[in-house]
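Trainee: I am new to this structure. Could you take me through it?

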Amino acid sequence: MRREFTTEGQLCRKCLNSAFWHHTLRNVTLGWWGTISFFMTWYFLATNLIAYLRARSELGEALPREAPRPSVVTGEEAQRILVPFEHNVRMLLRSGDAPETVARDLARTHGVEPTAAQHFVEQIRATE
């Protein structure tokens, strides 16, 4: 029996690395247990590596570390900016990151007011 797993979404650098290594380690440890699976594992490892490298290069272009940030965004606009990163926040919270740390990083990375980021993280945490 073969199972395939994917991770889709707009991922930050940390979440992208985490998802890549999670899937790669699964392939390496569990992918070899069958004749067809032995060959499919090599295919999946190669395609995952290509997708990872492509995503890393696009992430680097989309969000340069030295880019100047606009003034701090508040209210509904801040929520609109953060919504695409809900999956990232869920993954960070599930992996044990402190909500305050996640909110602080969101605020700094996306240029939103810290209280708006904290409110966003608390909303997600309430639904977990």
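Trainee: What pattern does the protein follow along the sequence?
Mentor: This is a predicted model. The protein has six helices and zero strands. Read along the sequence, the pattern is α-α-α-α-α-α.

Trainee: What percentage of the residues count as buried?
Mentor: Buried means under 20% relative accessible area. The protein has 128 residues. The share of them that counts as buried is 29%.

Trainee: Is α4 roughly parallel or roughly perpendicular to α6?
Mentor: Helix α4 covers residues 86-94, and helix α6 covers residues 114-127. Their axes lie 10 Å apart and meet at an angle of about 65 degrees. Angles of 65 to 115 degrees count as roughly perpendicular. So α4 is, relative to α6, roughly perpendicular.

Trainee: Which residues of α6 make the contact with α4?
Mentor: The crossing of the two helices is right-handed. From α4, the contact uses E86, V89, R90 and L93. From α6, it uses F120, V121, I124, R125 and T127.

Trainee: Is R94 buried or exposed?
Mentor: R94 is found in helix α4. Its relative accessibility is 60%. The cut-off for exposed is over 50%. Therefore R94 counts as exposed.

Trainee: How far apart in space are R94 and E128, C-alpha to C-alpha?
Mentor: In sequence, R94 and E128 are 34 residues apart. In space, C-alpha to C-alpha, the distance between them is 8.9 Å.

Definitions and conventions
Residues numbered from 1 in each chain as written. Predicted model: local features only at pLDDT ≥ 70, side-chain atom pairs only at ≥ 80, totals over all residues. Heavy atoms only, no water. Axes fitted to C-alpha atoms, helices over the stretch in contact; angles between N-to-C directions. Helix = DSSP H or I, 4+ residues; strand = E, 2+ residues; numbered from the N terminus. Parallel < 35°, antiparallel > 145°, perpendicular 65-115°, else oblique. Left-handed = near helix turned anticlockwise from the far one by under 90°. Contact = heavy atoms within 4.5 Å. Buried < 20%, exposed > 50% of the residue type's maximum accessible area, 1.4 Å probe, protein only.
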